[in-house]
Structures are given as C-alpha cells and as structure tokens.
Amino acid sequence: MSSVIAQLMRKHLMTPEQLQSIREKCSLVKKSVQDISVEMGIVREEDLFDAALQISGSPTVDLDQSRIDSALIKLVPFAMARGHGIFPVQRDEDTLTVAMSDPSNVVVRDELRFVTDLEIKPVLCRKNQISEYIKKFYHPDTVQQILKNTLEDSPLEQIEREPLSSEEIVDLALLSSDNSSFIKLVHKIICDAVEGRASDVHIEPQEKNVEVRYRIDGYLKSVIKIPRNLHPRLAARIKILAQLDIAEQRKIQEGRIKAVIDGKKIDLRISVIPVFYGEKIVLRILESTESKFDLNQIGFERGELEVFKKAIGKTQGVILVTGPTGSGKTTTLYSALQHIKCETKNIMTIEDPIEYLIEGINQLQLSHSKDVNFSSGLKSILRQDPDVILVGEIRDKETAEIAFRASLTGHLVFSTLHTNNAASSVTRLFNLGLEPYFLSSSLVLLVSQRLVRMVCSKCRQAYNPDKHVLQKFKKYLQDVNIRKFYRGKGCSQCNFSGFYGRTSIFEILKVDDQIKDLIFNRASERLIFKTAVHNGMRSLIGSGVAKVAAGITTLEEVAKVTDVMEEREQPLVGPDEEKWDPSLLLAE
Ligand SMILES: [Zn+2]
C-alpha cells in the first residue's frame, strides 16, 4: 500500500471496504489506487494532496507560478511523465527539480535518477496541474501547425507501420512521438475530437480539400481543411491503425481501433466508404463502458429512476424503450443491463449492430448474410437458458411473438420500438398482429425518450424565450414554477455553441392493472395516454419542461425533439374532460 493511501486511512478518509472496491476497479482499468479513488468520488483531490504533503514533507510547487524550462522536457520521456504523473521543472547543475503528485514514491525517484543521470529533487504538485502541463508541453502543436509541418516535409514519408495485431491497444500519444507527421496529424485530429467531446469524426474528400468535421452534442462542426493530395496517405494511416486493407480503395470497409487517450480507454469504429473524390472516413468514438452506462447519469429524475429500477428488477415481463433513431434508447438499455448484471444471471442480447461490448453479457450480432435474423437468433438464444434478453429492435410479428411468449415463461425481455410516444407502442404492437391478452399480461413498462442538449454551465445566463414558443408551452408551464429561463451565451468550453453535453427526457408509462385492462380491451392510444397521465405519468414535453425549470436545458431544445409545436392551440384536456372516467369511454 502506498504511504499516501495509508495516511488517508489513518485519517479515516478511506475505509478498508472502500480500498477493496477501489482495488477491484484498478485491476480492471489499470490505473493507480489514487486516481481511481478520486474518480469514484471516495477521496477529494485536496485530501490526496494534503496526505502527500503530510507524509513527504517536501516543498510544494505551483507550476502556474514557476518558470518552466521547456528544454528539460527532453530529459524525461513522455511515457514516464504521464505514467507516473511527473513533470520536470528546473535544472540546477546536477540536480533536477521534478514536480510529483507523490514525492514519497522512492521507486519513481530512482527510475528518474537512472534515466536522467541527475540527482532528483522532488517537489509536491497537484496531480491535475501536472497532467495539464504534460499535455501542454509534450504535445504543444495545434492541428494546423502539424498540418503545416506535414506539408513542408519533403519528400513525404512513404514507409507505413506494420499492421497491428487484433487485440493491441494503441497509445496514440506514444505513437505520435515518432517523427511521422501523418501519425501526428491523425493523433491530433482524434485527440482534439475526444477532448472536445465529439462522438464522430468525419473526414470527407471534396474537389479541392478534405474537410474534417466533428459531431459534438449531435451537431456537426467543421474543424480543418486538408489539401486533397494528402488524403490518400491520411486515409492509409487510419486504415493501418484499423487493420484495414490499404490497397483496397473501392470497397466499403469497417474496422476498429482500440486506443488510449489521456489515460482514457477509447474504442474507435472506423467506416470507409468510397465516394466520388476518394474515401470518406467516419470514426465513431466510443468511451469505455463503465463510465458511459450508468443509470444514475443518463437523465432520470429520482422518482423516475425508482420506477425504472423496480421494473428492471423483475424476473419476467417486457420492457420497451421507444423513440426515433438517436434518441438514446441503446444507452438506456445498456445502462439497465449494466445495472442488473450479476454472476447469477444469464444475460443475452441480439443486436444489429452490437454498439458496445459489455463485460459479463453475451451479445449476439445479427449477421449480414441473413442466416441469423431477430426471430431465428432469438429462438437460439432461448435454448441457452437466459434470464434476461435484449432484442435490439422489434420489427416484425414473429420476433414480437417469440419475445412476448418468452416473457410469459420466466424471462425478462428488453427491446426497442420506433414509435413517438409510450402509448403508441401498444398500437404498433396491435398493428403487428399481437393479441391484446398477450400484451396486457406481459408488458411491464413503456419508456419513450429523447435527447436534449444541456446548457453550458460556464456561460449560462437568463433570457426571455420567444413569445410564440412560450405560447406553445403555456399549459405545461402552468404546472411548474419557473422564475427564469437560461441559455448559454457561448464560451470556449462549449465551442461557442452554448451547450455542453446531452441528457435524456423520459415519458414512463407503468403498465398497472388499469392500463392492463385498457390494453386488454383494445383501448385507443389516446385513452391509454390520458389514463396514464391521470395516474401521474409525466409526458415527454412535461419532462422536458421540468428540465427547463431546473435550468438544465432550453424550451427551444425541448420543442425540437417533441411535437409541442404541432399541438393544437386548445388544451387536449378540456374542462369537460377534467373528471372523465376511463371506464365510461370504454363502454362507448
Ligand atoms: Zn459555454
């Protein structure tokens, strides 16, 4: 145990149980106990610093206040600086002053002495400041500068790196310490994308240039133009990393790069499509699954979370998540699986395509050759005694029937539908040809969801929304107490978009006895919706407005993803319908 951790335990800032769970996580993600303890929120950065200070008694340093000699960077290799969290500050003849987050670490000091052949004087520094300086000094060039150097390199290098073995994790930062300007360029494009929270990078050859665009919070943004004559080599570089055939330039190719960026594990899915001016390349950036699929982080309010957790804790039934493409359905379902997975449960999925691989879950990819489709795949999964099944999407009657039948024989089934709201899923299933008794006895929960962008916290300011928009939301705004509306003015953190990150809004329809009766009697979508609202369900728009009231998003964002703007001016529920009784309507 490091002495810093021992000190934290002495001061009761960490319990033996917490240390145990941190160690378990460490073995999975290959990070230090200290880093994980901060990431898990068990220890504050400040406490780590104080503990290190008490133990080492070393002087401290604030790099912002120090004169940094950038020539010293050459003395400490990048891999070592980043791996141990150290940064060279100053050299005084035979002594090198080094900023460390844990100066009591003798092993690192010895290694440094060996590598630099200098006496080491450790000074204590905050970990995040060291990371910041490593990034700034070791990879100082912007993508534009690298591009300029690439153009000046003549002749352009021709030698390509050997293809990687399939499971090799690429440390792009290490690769870019090579002299190849193309590697540097690719590295920088990807790193900037990850740092800017982009979900996709588009590299698009056009008549004169190659346009590089990032998709951030759902919107594309152009970042750099590269002369088109560089494109073949840029494409080749990416294809080598993704183990694709560089000689083949006329076929669609798909590949994958496992990379580490700033210590974060990233999965990159590469797709190459030949278009008129060359190969268009799209890189999808997928974060590691542990951080991404956390039910507590995807936008459920406390009450909604309880309802959802209760439903996914059941041993049988059908839970459907609905919404158009790109509404966050997969994230919700993966988070649910991540939440309920345990060694006593056999969880199996059938997906098209598998978007993320989750440890401890058996995922079946629908094959393109048609020998496995949703229904045949589902049949074979059922022979393997699953407890929980995720069917990527219900598209046809056969799949729907197998899924619902399975739920009646002790399986919990998750799936998605392309419908606009929770209640319309019932209509869709009727239309597919499913019998009402089937639905009423199996359905547990219907969730409809959308993604909305979140207001940037750095540049948030009050504003008055457009009158027309306010009018459309009028009846929803009556129920909540909104003092001020907020939007982002635009700043460097949010790329001047005013938004930072996305969250989900939900409409959660609990299939209780009353709803079951309605479904059994083939009630209309409208009646099911109204009954659910009457029983406390919050509509998608209502859920969006609640997030507006909390200052998380804007009315305009909610308007974009819901049908509020198309609604009739009159409220749906008129005064005469206020005291309506669903059973009366059924009798009609
Ligand atoms: Zn901002």
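Is Ser 56 buried, exposed or partly exposed, and how many other C-beta atoms lie within 10 Å? In this predicted model, Ser 56 counts as partly exposed because 19 other C-beta atoms are found within 10 Å, while a residue needs 20 or more to be called buried.

**Around Ser 56**

Let's stay with this serine for a moment. Ser 56 belongs to helix H4, which covers residues 45-56. Leaving aside residues up to four places away in sequence, its contacts are Pro 103, Ser 104 and Leu 124. Pro 103 lies 47 residues from Ser 56 along the chain, yet the C-alpha atoms of the two are separated by 6.1 Å.

**H4 and its partner H1**

Helix H4 also packs against helix H1 (residues 3-10), at an angle of about 105° and with the two axes 9 Å apart. That angle makes H1 roughly perpendicular to H4. From H1, the contact uses Ser 3, Val 4, Gln 7 and Leu 8. From H4 come Asp 47, Leu 48, Ala 51, Ala 52, Gln 54 and Ile 55. Sorted by class, the residues in this contact are six nonpolar, three polar and one charged.

**Strands S1, S2 and S3**

Next, have a look at strand S2 (residues 95-100). Five of its six residues are buried, so S2 is largely enclosed by the rest of the structure. S2 pairs with strand S1 (residues 86-92) and with strand S3 (residues 119-124), as the table shows.

| Strand pair | Sense | Bridges |
|---|---|---|
| S1 and S2 | antiparallel | six |
| S2 and S3 | parallel | six |

S1 and S2 make a hairpin with two residues between them, and Glu 93 in the turn has a positive phi of about 50°. In the second pair, Thr 97 has Lys 121 of S3 as its bridge partner. To get from S2 to S3, the chain passes through helix H6 (residues 106-116), and this β-α-β crossover is right-handed.

**Further along: H21**

Finally, which residues of helix H21 (residues 525-534) are buried? They are Ile 528, Phe 529, Lys 530, Thr 531 and Ala 532. Note that a lysine, Lys 530, is among them. After H21 comes Gly 536, which has a positive phi near 110°.

Notes:
Residues are numbered from 1 along each chain as its sequence is written. This is a predicted model: local features need pLDDT of at least 70, side-chain atom pairs count only at pLDDT 80 or more; totals for chains, interfaces and linings use all residues. A residue is buried if 20 or more other C-beta atoms lie within 10 Å of its own, exposed if 12 or fewer, and partly exposed in between; C-beta atoms are placed from the backbone. Helices (H or I, at least four residues) and strands (E, at least two) are DSSP runs, numbered from the N terminus. Two residues are in contact if their C-beta atoms, placed from the backbone, lie within 7 Å. Axes are lines fitted to C-alpha atoms, for helices over the stretch in contact, and angles run from 0 to 180 degrees between N-to-C directions. Angles under 35 degrees count as roughly parallel, over 145 as roughly antiparallel, 65 to 115 as roughly perpendicular and the rest as oblique. Ala, Val, Leu, Ile, Met, Phe, Trp, Tyr, Cys and Pro count as nonpolar, Asp, Glu, Lys and Arg as charged, and the others, Gly among them, as polar. Two strands pair if DSSP finds at least two bridges between them. A crossover is right-handed if, with the strands pointing away from the viewer, the path from the first strand over the helix to the second runs clockwise.
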